[in-house]
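I opened the notebook to look up helix packing and aromatic pairs.

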Amino acid sequence: DNSIILNFSTIFVKLLLSSALLLAFHHVFLCNRASYKTQRLYLLLIPFVSIMMSGFTFEVYKPDANIVEMTKSEIQQYHAENAHSGYHIEASDNTDLEDLGINTLHDMHNAIDDAAEAVLAIEIILYGVAAISIVLILIAVYYIIKMLWMSKRMKSEKTDDGFRIVRSYQIKTAFSFADIIYMPAGMDSEKADYILKHEKAHIIHKHYIDVWIIEFMTRLMWFNPIMWMVRKQLRNVHEYE
(Lines give C-alpha, C1' and ligand atoms only; values in the text may rest on other atoms or scores of the structure.)
Protein backbone atom coordinates (compact mmCIF):
# COMPACT_ATOMS: atom_id res chain seq x y z
CA ASP A 1 0.00 0.00 0.00
CA ASN A 2 2.90 2.36 0.75
CA SER A 3 4.36 1.71 -2.70
CA ILE A 4 1.04 2.56 -4.38
CA ILE A 5 0.74 5.87 -2.51
CA LEU A 6 4.43 6.59 -3.18
CA ASN A 7 4.02 5.99 -6.92
CA PHE A 8 0.95 8.22 -7.02
CA SER A 9 2.75 10.98 -5.13
CA THR A 10 5.83 10.62 -7.34
CA ILE A 11 3.79 11.15 -10.51
CA PHE A 12 2.23 14.32 -9.08
CA VAL A 13 5.62 15.69 -7.97
CA LYS A 14 7.16 14.91 -11.38
CA LEU A 15 4.24 16.65 -13.09
CA LEU A 16 4.69 19.70 -10.87
CA LEU A 17 8.47 19.85 -11.24
CA SER A 18 8.50 19.23 -14.99
CA SER A 19 5.98 22.01 -15.67
CA ALA A 20 7.91 24.34 -13.32
CA LEU A 21 11.19 23.61 -15.12
CA LEU A 22 9.60 24.19 -18.53
CA LEU A 23 8.13 27.52 -17.39
CA ALA A 24 11.47 28.53 -15.84
CA PHE A 25 13.18 27.77 -19.16
CA HIS A 26 10.75 30.15 -20.85
CA HIS A 27 11.49 32.95 -18.37
CA VAL A 28 15.27 32.51 -18.67
CA PHE A 29 15.79 31.80 -22.37
CA LEU A 30 12.66 32.76 -24.33
CA CYS A 31 10.96 35.66 -22.56
CA ASN A 32 11.90 38.96 -24.26
CA ARG A 33 14.18 37.04 -26.63
CA ALA A 34 12.19 34.69 -28.83
CA SER A 35 9.43 35.75 -31.22
CA TYR A 36 5.87 35.93 -29.93
CA LYS A 37 4.84 32.98 -32.11
CA THR A 38 7.67 30.86 -30.68
CA GLN A 39 6.69 31.79 -27.13
CA ARG A 40 3.04 31.02 -27.79
CA LEU A 41 3.86 27.57 -29.21
CA TYR A 42 6.24 26.79 -26.34
CA LEU A 43 3.77 27.82 -23.64
CA LEU A 44 0.99 25.80 -25.27
CA LEU A 45 3.23 22.71 -25.30
CA ILE A 46 4.09 22.93 -21.59
CA PRO A 47 1.01 21.01 -20.29
CA PHE A 48 1.42 18.25 -22.88
CA VAL A 49 5.19 17.88 -22.43
CA SER A 50 4.91 17.93 -18.63
CA ILE A 51 2.41 15.06 -18.79
CA MET A 52 4.85 13.07 -20.94
CA MET A 53 7.76 13.88 -18.62
CA SER A 54 5.79 12.78 -15.55
CA GLY A 55 5.52 9.31 -17.09
CA PHE A 56 9.28 8.88 -17.46
CA THR A 57 11.00 6.68 -14.89
CA PHE A 58 14.68 5.94 -14.48
CA GLU A 59 16.65 4.24 -11.77
CA VAL A 60 19.36 6.39 -10.23
CA TYR A 61 20.62 3.88 -7.68
CA LYS A 62 19.56 0.41 -6.58
CA PRO A 63 21.21 -0.83 -3.41
CA ASP A 64 22.22 -4.45 -3.07
CA ALA A 65 19.97 -6.75 -1.07
CA ASN A 66 20.64 -6.63 2.66
CA ILE A 67 21.36 -10.20 3.75
CA VAL A 68 21.05 -10.80 7.49
CA GLU A 69 21.50 -14.10 9.28
CA MET A 70 19.06 -14.64 12.13
CA THR A 71 18.18 -17.33 14.60
CA LYS A 72 14.66 -18.74 14.71
CA SER A 73 13.69 -16.57 17.69
CA GLU A 74 15.15 -13.45 16.03
CA ILE A 75 13.18 -14.12 12.85
CA GLN A 76 9.97 -14.57 14.80
CA GLN A 77 10.55 -11.36 16.76
CA TYR A 78 11.47 -9.38 13.63
CA HIS A 79 8.40 -10.69 11.83
CA ALA A 80 6.11 -9.72 14.71
CA GLU A 81 7.49 -6.17 14.75
CA ASN A 82 7.54 -5.61 10.97
CA ALA A 83 4.70 -7.70 9.61
CA HIS A 84 3.11 -4.70 7.83
CA SER A 85 6.26 -2.93 6.64
CA GLY A 86 6.47 -4.67 3.27
CA TYR A 87 9.71 -6.55 3.99
CA HIS A 88 10.46 -9.98 2.50
CA ILE A 89 11.97 -12.96 4.35
CA GLU A 90 13.60 -15.64 2.27
CA ALA A 91 15.26 -18.68 3.81
CA SER A 92 18.73 -19.47 2.49
CA ASP A 93 18.27 -23.21 3.00
CA ASN A 94 15.32 -25.55 2.80
CA THR A 95 13.79 -24.18 5.99
CA ASP A 96 10.03 -23.84 5.72
CA LEU A 97 8.85 -20.46 7.09
CA GLU A 98 5.78 -22.24 8.46
CA ASP A 99 8.12 -24.15 10.74
CA LEU A 100 9.22 -20.80 12.20
CA GLY A 101 5.67 -19.87 13.07
CA ILE A 102 5.29 -17.45 10.15
CA ASN A 103 1.99 -17.74 8.30
CA THR A 104 2.90 -16.39 4.87
CA LEU A 105 -0.62 -16.89 3.50
CA HIS A 106 -2.13 -14.84 6.32
CA ASP A 107 0.45 -12.11 5.78
CA MET A 108 -0.30 -12.07 2.08
CA HIS A 109 -4.02 -11.64 2.76
CA ASN A 110 -3.28 -8.74 5.13
CA ALA A 111 -1.04 -7.12 2.53
CA ILE A 112 -3.77 -7.47 -0.11
CA ASP A 113 -6.33 -5.90 2.23
CA ASP A 114 -4.02 -2.99 3.01
CA ALA A 115 -3.28 -2.46 -0.68
CA ALA A 116 -7.00 -2.55 -1.50
CA GLU A 117 -7.66 0.18 1.06
CA ALA A 118 -4.87 2.31 -0.40
CA VAL A 119 -6.16 1.80 -3.94
CA LEU A 120 -9.70 2.74 -2.83
CA ALA A 121 -8.42 5.95 -1.21
CA ILE A 122 -6.48 6.87 -4.35
CA GLU A 123 -9.51 6.11 -6.54
CA ILE A 124 -11.64 8.44 -4.40
CA ILE A 125 -9.04 11.19 -4.81
CA LEU A 126 -8.81 10.64 -8.56
CA TYR A 127 -12.60 10.68 -8.95
CA GLY A 128 -12.73 13.90 -6.93
CA VAL A 129 -10.05 15.53 -9.11
CA ALA A 130 -11.83 14.37 -12.26
CA ALA A 131 -15.19 15.65 -10.98
CA ILE A 132 -13.76 19.12 -10.28
CA SER A 133 -12.09 19.16 -13.72
CA ILE A 134 -15.39 18.28 -15.40
CA VAL A 135 -17.24 21.00 -13.47
CA LEU A 136 -14.64 23.61 -14.46
CA ILE A 137 -14.78 22.52 -18.11
CA LEU A 138 -18.60 22.66 -18.07
CA ILE A 139 -18.44 26.20 -16.68
CA ALA A 140 -16.15 27.17 -19.57
CA VAL A 141 -18.55 25.53 -22.05
CA TYR A 142 -21.40 27.48 -20.46
CA TYR A 143 -19.63 30.78 -21.10
CA ILE A 144 -18.88 29.76 -24.69
CA ILE A 145 -22.56 29.01 -25.27
CA LYS A 146 -23.46 32.29 -23.55
CA MET A 147 -21.16 34.25 -25.90
CA LEU A 148 -22.60 32.51 -28.94
CA TRP A 149 -26.14 33.20 -27.74
CA MET A 150 -25.25 36.83 -27.10
CA SER A 151 -23.87 37.21 -30.63
CA LYS A 152 -27.07 35.74 -32.06
CA ARG A 153 -29.43 37.77 -29.88
CA MET A 154 -27.72 41.13 -30.32
CA LYS A 155 -27.43 42.89 -33.63
CA SER A 156 -23.98 42.95 -35.11
CA GLU A 157 -22.37 45.17 -37.69
CA LYS A 158 -19.69 44.25 -40.17
CA THR A 159 -16.68 46.44 -40.82
CA ASP A 160 -15.19 47.10 -44.25
CA ASP A 161 -12.33 44.70 -43.49
CA GLY A 162 -14.70 41.85 -42.60
CA PHE A 163 -14.84 41.92 -38.77
CA ARG A 164 -18.11 41.48 -36.88
CA ILE A 165 -18.82 43.92 -34.03
CA VAL A 166 -21.50 43.60 -31.37
CA ARG A 167 -22.25 46.82 -29.42
CA SER A 168 -24.40 46.88 -26.29
CA TYR A 169 -24.80 48.83 -23.05
CA GLN A 170 -24.79 45.44 -21.28
CA ILE A 171 -21.13 45.00 -22.26
CA LYS A 172 -18.91 46.79 -19.75
CA THR A 173 -15.46 45.99 -21.17
CA ALA A 174 -14.46 45.42 -24.78
CA PHE A 175 -13.23 41.94 -25.71
CA SER A 176 -13.10 39.56 -28.64
CA PHE A 177 -14.44 36.02 -28.79
CA ALA A 178 -13.43 33.94 -31.80
CA ASP A 179 -13.91 36.31 -34.75
CA ILE A 180 -16.43 38.61 -33.03
CA ILE A 181 -15.59 41.87 -31.22
CA TYR A 182 -17.83 42.90 -28.31
CA MET A 183 -17.88 46.63 -27.53
CA PRO A 184 -19.72 48.79 -24.96
CA ALA A 185 -22.21 51.07 -26.66
CA GLY A 186 -21.74 54.85 -26.57
CA MET A 187 -17.95 54.84 -26.42
CA ASP A 188 -15.90 57.83 -27.49
CA SER A 189 -15.03 57.41 -31.18
CA GLU A 190 -11.27 57.85 -30.71
CA LYS A 191 -11.17 55.37 -27.83
CA ALA A 192 -13.41 52.94 -29.72
CA ASP A 193 -11.11 53.10 -32.76
CA TYR A 194 -8.07 52.29 -30.61
CA ILE A 195 -9.82 49.34 -28.93
CA LEU A 196 -11.06 48.03 -32.28
CA LYS A 197 -7.51 47.95 -33.63
CA HIS A 198 -6.37 46.12 -30.52
CA GLU A 199 -9.12 43.48 -30.69
CA LYS A 200 -8.67 43.05 -34.44
CA ALA A 201 -5.02 42.22 -33.79
CA HIS A 202 -6.09 39.46 -31.37
CA ILE A 203 -8.31 37.96 -34.07
CA ILE A 204 -5.73 38.32 -36.86
CA HIS A 205 -3.13 36.46 -34.78
CA LYS A 206 -5.77 33.82 -33.88
CA HIS A 207 -5.15 34.22 -30.16
CA TYR A 208 -8.56 32.71 -29.47
CA ILE A 209 -7.24 29.27 -30.52
CA ASP A 210 -4.47 29.54 -27.90
CA VAL A 211 -7.04 30.65 -25.32
CA TRP A 212 -9.32 27.67 -25.97
CA ILE A 213 -6.42 25.20 -25.68
CA ILE A 214 -4.88 26.68 -22.53
CA GLU A 215 -8.26 27.19 -20.82
CA PHE A 216 -9.12 23.53 -21.40
CA MET A 217 -5.73 22.26 -20.18
CA THR A 218 -5.74 24.59 -17.15
CA ARG A 219 -9.13 23.30 -16.07
CA LEU A 220 -8.09 19.72 -16.73
CA MET A 221 -4.96 20.21 -14.58
CA TRP A 222 -6.41 22.76 -12.15
CA PHE A 223 -4.55 21.12 -9.24
CA ASN A 224 -1.20 22.16 -10.75
CA PRO A 225 -0.52 25.82 -9.79
CA ILE A 226 2.13 26.11 -12.52
CA MET A 227 -0.60 25.73 -15.16
CA TRP A 228 -2.30 28.91 -13.94
CA MET A 229 1.04 30.71 -14.22
CA VAL A 230 1.47 29.39 -17.78
CA ARG A 231 -2.04 30.63 -18.59
CA LYS A 232 -1.23 34.11 -17.29
CA GLN A 233 2.08 34.24 -19.16
CA LEU A 234 0.42 33.21 -22.43
CA ARG A 235 -2.15 35.98 -22.07
CA ASN A 236 0.67 38.46 -21.46
CA VAL A 237 2.35 37.31 -24.67
CA HIS A 238 -0.94 37.86 -26.50
CA GLU A 239 -1.16 41.43 -25.23
CA TYR A 240 2.46 42.18 -26.14
CA GLU A 241 1.96 40.75 -29.59
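My entries on helices and rings follow.

I am working from a predicted model, where local features need pLDDT of at least 70, side-chain atom pairs count only at pLDDT 80 or more, and totals for chains, interfaces and linings use all residues. Residues are numbered from 1 along each chain as its sequence is written, and side-chain values use heavy atoms, with hydrogens and water left out.

Helices. I took helices as DSSP runs (H or I, at least four residues), numbered from the N terminus. Axes are lines fitted to C-alpha atoms over the stretch in contact, with angles from 0 to 180 degrees between N-to-C directions.

I looked up α2 (residues 36–54) against α7 (residues 225–240): their axes come within 10 Å and cross at roughly 165°. α2 and α7 are therefore roughly antiparallel (over 145 degrees). On α2, the contact (heavy atoms within 4.5 Å) includes Y36, L43 and P47; on α7, M227, L234 and Y240 are among the residues involved. I noted ten nonpolar, three polar and one charged residue in this contact.

Next I checked α6 (residues 207–220) with α7: the axes come within 10 Å, crossing at roughly 170°. This pair is also roughly antiparallel. Among the contact residues are H207, D210 and I214 of α6 and W228, R231 and H238 of α7.

Rings. I searched the whole structure and got eight aromatic pairs (Phe, Tyr and Trp rings, the six-membered one for Trp, with centres within 6.5 Å). Y142 and Y143 pair edge-to-face (planes over 60 degrees apart), at 5.3 Å centre to centre and 70° between the planes. F12, W222 and F223 are linked into a cluster by ring pairs.

Definitions and conventions. Rings of Phe, Tyr and Trp (its six-membered ring) pair if their centres lie within 6.5 Å; planes under 30 degrees apart count as stacked, over 60 as edge-to-face and the rest as tilted. Helices (H or I, at least four residues) and strands (E, at least two) are DSSP runs, numbered from the N terminus. Angles under 35 degrees count as roughly parallel, over 145 as roughly antiparallel, 65 to 115 as roughly perpendicular and the rest as oblique. Ala, Val, Leu, Ile, Met, Phe, Trp, Tyr, Cys and Pro count as nonpolar, Asp, Glu, Lys and Arg as charged, and the others, Gly among them, as polar.
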